[in-house]
Amino acid sequence: MHPDMVSMKCTIMRGGTSKGIYIMENQLPKDTIKKNKVIRAIFGSPDIRQIDGLGGADVLTSKLAIIGPPSRNDADVDYTFAQVSINDEVVDFKSNCGNISAGVGPYAIDHGLVRAMEPITTVRIHQKNTGRIIVAEVEVKDGKSRVEGDCQIDGVPGTGSRIKLDFSDSIGALTGKLLPTGNVRDEIELENGEKYMVSIVDVAIPVVFIKARDLGLKGIETPQEIEQNRELMEKIEEIRGNAAVKMGLVKRWDLAIKESTYSPFLSIISPAIDYLTFNGINVKAQDIDFISRLIFMQKVHKAHPVTGTVCAGVAAKISDTIVWEVLKERSNDNKKLMIGHPSGVIPIECDVEMRDSEIVLKKAAIYRTARLIMEGDVYIRKSLIE
């Protein structure tokens with residue numbers, strides 16, 4: 001052991017279209033302040049390049065999954081998610097990442113936390129950030145999670161073993177309410193007097209939905225095109241911040257960038273049209289139901305987050321929401337919806353029904369792949385945490 005550093009066991013995995021560090025909770029300090037310092041040191045944050053840590057200098061690779069034994073009788077494993085800021089000393093534990101969730105089942109099986117049962121092992125994941133259960137179905141072979149398979153997801157090269165994630169226990173994940181404001185639509189007024197109509201829905205994660213045309217967009221812009229428009233990005237953050245105020249997450253909209261950095265997401269919704277993805281894939285209008293450009297951590301997602309996909313799928317089934325309005329007529333009764341995003345298409349199987357004037361989510365299933373990339377020791381300086 002180096003006298004100036006400490007080490008801890010960790011794993012790097014790709015989960016869906018994200019990549020993260022997976023670590024057992026007993027490797028981290030219990031003290032919150034010291035734990036956050038250790039996490040930032042592991043990733044090399046804050047630093048725009050994250051050059052002194054394992055972070056990939058991208059919001060989709062600056063993610064942490066903390067895994068532990070179940071603290072609930074109806075779960076097989078506990079999982080806590082953290083989004084680690086690249087630019088600031090912020091470790092956000094307020095919500096979940098659905099793509100990183102895809103790696104939890106394989107991790108639990110491969111580390112002996114859950115007994116492998118061929119051909120499918122069901123892993124009930126207690127998602128501690130939201131207090132909900134995610135049910136993962138993982139293909140296994142010879143006592144380990146399968147890697148090879150024919151499941152292809154846009155935004156990831158090649159194919160892999162299919163992992164099914166069911167988020168049906170996810171209504172009101174952060175706020176406790178499907179519609180946090182009690183409305184299917186809310187009007188948000190900016191400081192310059194401009195007004196925008198949005199829908200705020202909380203399933204898997206709270207999302208603020210807004211029409212692309214209301215922002216002067218076609219809806220098929222690339223992440224780079226949107227991010228380069230600083231005036232637009234500032235407006236989007238003000239809309240998101242005002243929605244966070246309406247949800248009771250912050251007291252002033254300008255505090256959201258620090259106090260509620262990760263959530264809510266903001267999804268720019270537009271009707272289905274033909275477009276070319278930024279990585280050269282032709283997406284046909286006939287193959288999708290609507291288009292989304294999703295903003296989180298003041299960046300445009302290069303694909304589409306699982307939690308945001310689940311929320312969009314449910315929002316599409318709620319009459320008069322922004323998503324419901326742009327959804328094709330032919331899709332209104334379909335349980336499977338196809339959402340166009342900057343890297344291609346993501347499907348969501350969503351079954352919603354009304355019971356005694358309440359919306360019941362019977363199924364919210366999405367299919368991902370995941371892969372172990374590295375296992376080993378990460379070293380951090382003692383001086384950073386002492």
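This is a predicted model: local features need pLDDT of at least 70, side-chain atom pairs count only at pLDDT 80 or more; totals for chains, interfaces and linings use all residues.
I started with Ser270, which is buried at a relative accessible area of 2% (buried is under 20%, exposed over 50%, partly exposed in between, with a 1.4 Å probe and protein chains only). Residues are numbered from 1 along each chain as its sequence is written, and side-chain values use heavy atoms, with hydrogens and water left out.

I placed Ser270 in strand 13, residues 265-271 (strands are DSSP E runs of at least two residues, numbered from the N terminus). Skipping neighbours within four places in sequence, I found Ser270 in contact with Ala212, Lys218, Gly219, Phe290, Ile291 and Val326 (contact is heavy atoms within 4.5 Å).

Next I looked up cavities, and there are two of 30 Å³ or more. A cavity is a set of points on a 1 Å grid over the protein atoms alone where a 1.4 Å probe fits but cannot get out, and lining residues have an atom within 4 Å of a point. Points are joined across faces, edges and corners, and volume is the space filled by probe spheres set on them.

The largest cavity has about 50 Å³. Strand 7 (residues 132-141) gives the largest share of its lining, three residues. Among the lining residues I noted Asn96, Arg132, Phe167 and Asp169.

The second largest cavity holds about 30 Å³. I listed Ser18, Leu60, Lys63, Cys97, Tyr262, Phe265, Phe296, His301 and Pro305 as its lining.

Technical notes. Helices (H or I, at least four residues) and strands (E, at least two) are DSSP runs, numbered from the N terminus. On a 1 Å grid over the protein atoms alone, a cavity is a set of points where a 1.4 Å probe fits but cannot get out, and a pocket is an open set with protein on both sides within 12 Å along at least five of seven lines; lining residues have an atom within 4 Å of a point.
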